[in-house]
Amino acid sequence: MDKLKKVLSGQDGNDDLNVLQAANEASTLGWGTRVKGFLACFVSGVLCSILGTCLLWVPRSGLTLFAVFYSLGNIASLLSTMFLMGPLKQLKRMCDKSRALATGIMITCLVLTFCAAFWWKNKGLALLFCILQFLAFTWYSLSYIPFARDAIIKLFSACFK
């Protein structure tokens, strides 16, 4: 509101804000609005993923449609949490030491899925990158549950002894 007053009064001070700070300042939503935004974005992400799975069986272009809708669903689901904690805090948590590898693999696989689907037109690679997306997104999500990763590692090590 202060910035609007400055602009309207002719005191347009060019604050040296980077993109993340500007996005963080723009996220002054009330808690109810944040929850509604989270739910809308998360539900649309889940619906995109389900739609992509249903489109998998379409002849010829089904695998490409699956890859695109599944990836868009993952993006929407990931962005939904930004409503709850704000974009700057979400990006900081994504780059946290315990999540950085999973975040990097997930984003890389998202980009490679789109490359495989549209640029390379290789359906097998698109499917492989979707599977890797799923695994990286799952590992990333487990990092928010205390001791969940340790429990999964112990479970797998017990199964393969």
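Mentor: Let us begin with two terms. A pocket here is an open set of grid points with protein on both sides within 12 Å along at least five of seven lines, and its lining residues have an atom within 4 Å of a point. The helices are DSSP runs of at least four residues, numbered from the N terminus. Please keep in mind that the model is predicted.

The largest pocket has a volume of about 180 Å³. Its lining consists of S77, L78, T81, L84, M85, Q90, F137, Y140, S141 and Y144. Two helices, α4 (62-85) and α7 (123-142), each contribute at least two residues to this lining. The largest share, five residues, belongs to α4.

The pocket may now be placed in the whole chain. The protein chain contains eight helices and zero strands, so that its elements, read from the N terminus, are α-α-α-α-α-α-α-α. Of its 161 residues, 31% count as buried. Among contacts with a separation of 6 or more, 61% join residues 24 or more positions apart. Finally, the chain exposes about 10,700 Å², and carbon and sulfur atoms supply 72% of that area.

Conventions
Residues are numbered from 1 along each chain as its sequence is written. This is a predicted model: local features need pLDDT of at least 70, side-chain atom pairs count only at pLDDT 80 or more; totals for chains, interfaces and linings use all residues. Side-chain values use heavy atoms; hydrogens and water are left out. Buried means under 20% relative accessible area, exposed over 50%, partly exposed in between (1.4 Å probe, protein chains only). Contact means heavy atoms within 4.5 Å. Accessible areas come from the Shrake-Rupley method with a 1.4 Å probe; for residues, only the protein chains shown count as cover. On a 1 Å grid over the protein atoms alone, a cavity is a set of points where a 1.4 Å probe fits but cannot get out, and a pocket is an open set with protein on both sides within 12 Å along at least five of seven lines; lining residues have an atom within 4 Å of a point. Grid points are joined across faces, edges and corners, and a volume is the space filled by probe spheres set on the points.
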